[in-house]
Amino acid sequence: MNQPYYEQKDLDDFPNITEFAPELGEKFFDYYNTATSAGKLSEREKSLIALAVATVRHCPYCIDAFTNKCLSLGIDNDEMMEAVHVGAAMVAGDTLAHATQMRKIIKKKEM
Amino acid sequence: MTESAKLDNKDTFAEQLRQCGSYPLKAIAVNTLQMNITRKCNLACKHCHVQAGPHRTEMMSLETVSQCVKVAQHPSITTIDITGGSPEMHPDIDWLVSQMAQSGKRVLVRSNLVILLEPEYSHLIDKFAKNKIEIVGSLPDYRAQRSDRQRGNGIYDKIMEAMRLLNKAGYGRPDSGLLLDLMHNPAGAYLPGSQSALEAEYKRVLSQEHNVFFNTLFCLANCPIGRYLEYLKNSGNLDDYMQTLRKAFNPQTAQKVMCRTTVSVGWDGKLYDCDFNQVENLSVNSGSPDHIFTFNYNLLARRNIEIRDHCFACTAGSGSSCCGSLTV
Ligand code: SF4
Ligand code: SF4
């Protein structure tokens, strides 16, 4: 039987992650809800940040949830794609930045 | 019958109401008389729950229109909500709005706005303004591409043009007393976001990029019936959409659904709890007379509402109605 590890319906189970550690779970949800709701940044800005992070982190649940949220907030497809490019550029940038370590070692080791 | 019949009993709208102590759902008054005067429309939008279009012929007869005017005089009825199809295409629209305006009640006309550019109907802008009719224009999205996917190519630009004419006549201008509201509904299988956040975006884009103005944005969740239901089925989104509506059930909205204070009249004079039930052919029940010629305020004001699973569209998130979200 070929059952995937990730199933779309598991997203519905997210509220139940309080199970086995309810106090910590509730603290997490308080934090999560506050951090993702409008504050100094608007709900739109925060949803685009969340979408970029979800994509970078390869989380299918969060990509599903935040793509829907961005659509609901009337965010354009090209705005969403731009946000994903910010994530992609950051990943490329931090990969390349780590080449500094490599370059330093090469320079130290080579005659 | 919708796909919802396949679901477990516990997932039905009735059961959700039971769990939050709102079952049976009962009317508390009739404050709004909604009249669906025609199924004819110059457009044929993809999401249209009444499946209106240029080839529809249903029109409310003058006799029925006059009866609605009589019924509307009841002191508890404070809002007259005229819709369609495109209500402008009804031959007696001029007479109807003047009659209703004389009652001094809030009278609103739901318009696709594009129709007001057609020579045959453009005189209605002045007519509506003179009678202080509130116009609720349908603009599914503040961006052309998404809006046009639902309404047809080039329609967005025409709506902007119509809004410019309405603004010129005073609509949507501060202190003119002429209200131009817009109706948002998602162009796809997802729910509307926060009404205030969307209103701010609509206002920013429409004023900065098109120099047009409006008063209030109403968000409406698409109801899984009619043409929209067909779209959900054909695109493989039906189960997911119903599940999204169910998950978003908000008990706080159950007491505020519009049917509790509304009666909706069909083009043939039949009475319904709302426009959605009208499409589903569910006329008012529970011993209340179900025709405008047998309108009985006392029975209708405490009738049991005919609920089905499409009602989940009214109770998702902040709730949804013909006048926008039910909670802030
Ligand atoms: S949604 Fe409105 S404008 Fe579009 S076809 Fe239906 S009645 Fe006409
Ligand atoms: S669909 Fe109609 S009957 Fe059902 S809750 Fe909404 S307004 Fe009431």
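## Classes of residue and the largest cavity

Ala, Val, Leu, Ile, Met, Phe, Trp, Tyr, Cys and Pro count here as nonpolar, Asp, Glu, Lys and Arg count as charged, and the others, Gly among them, count as polar. With these classes, the lining of the largest cavity in this predicted model has 16 nonpolar, twelve polar and three charged residues.

The largest cavity holds about 560 Å³ of space, and the structure has three cavities of 30 Å³ or more. Of the 31 residues that line the largest cavity, B:His47, B:His49, B:Thr83, B:Ser138 and B:Arg151 lie nearest its centre. Strand 3 (106-111), strand 4 (134-138) and helix 11 (275-279) of chain B are the elements that give two or more residues to this lining.

## Ligand 1

The largest cavity is where ligand 1 sits. The residues around ligand 1 include B:Cys41, B:Cys45, B:His47, B:Cys48, B:Asn112 and B:Arg151, and by class its shell has six nonpolar, three polar and one charged residues. B:Cys45, one of the residues around ligand 1, counts as buried because its relative accessibility is 6%, and buried means under 20%.

## Ligand 2 and the second largest cavity

Ligand 2 takes up the space of the second largest cavity, which has a volume of about 100 Å³. This cavity is lined by 14 residues, and those nearest its centre are B:Val257, B:Cys259, B:Cys274, B:Cys311 and B:Cys314. The lining divides into eleven nonpolar, two polar and one charged.

Among the residues around ligand 2 are B:Met258, B:Phe276, B:Asn277, B:Glu306 and B:His310, and the shell as a whole divides into eight nonpolar, two polar and one charged.

## A pocket in chain A

The second largest pocket contains about 320 Å³ of space. Helix 1 (22-36), helix 2 (43-56) and helix 3 (60-72) of chain A are the elements that each give two or more residues to its lining. Of the 15 lining residues, A:Tyr32, A:Thr36, A:Ala50, A:Val53 and A:Phe66 lie nearest the centre of the pocket, and the lining as a whole divides into twelve nonpolar, one polar and two charged.

## Cysteines without disulfides

Over all chains, the structure holds zero disulfides. For B:Cys20, the closest cysteine sulfur is in B:Cys311, and because the two sulfur atoms are 13 Å apart they are too far from each other for a bond; a disulfide would need them within 2.5 Å. B:Cys20 is partly exposed, with a relative accessible area of 28%.

## Backbone exceptions

Most residues other than glycine have a negative phi, and most peptide bonds are trans. One exception in the peptide bonds joins B:Tyr23 and B:Pro24, where the bond is cis and omega is about -5 degrees. B:Pro24 belongs to the loop between helix 1 (13-19) and strand 1 (32-36) of chain B.

Two residues other than glycine have a positive phi: for A:His58 the angle is near 55 degrees, and for B:Leu113 it is about 70 degrees. A:His58 is in the loop between helix 2 and helix 3 of chain A, while B:Leu113 is in the loop between strand 3 and helix 4 (124-130) of chain B. Is each of these residues buried or exposed? A:His58 is exposed, with a relative accessible area of 61%, whereas B:Leu113, at 0% relative accessibility, counts as buried.

Conventions:
Residues numbered from 1 in each chain as written. Chains lettered and ligands numbered in written order. Predicted model: local features only at pLDDT ≥ 70, side-chain atom pairs only at ≥ 80, totals over all residues. Heavy atoms only, no water. 1 Å grid on protein atoms, 1.4 Å probe; cavity = no way out; pocket = protein on both sides within 12 Å on 5 of 7 lines; lining within 4 Å. Points joined across faces, edges and corners; volume = space filled by probe spheres on them. Helix = DSSP H or I, 4+ residues; strand = E, 2+ residues; numbered from the N terminus. Near = heavy atom within 4 Å. Sits in = over half its atoms within 2 Å of the grid points. Buried < 20%, exposed > 50% of the residue type's maximum accessible area, 1.4 Å probe, protein only.
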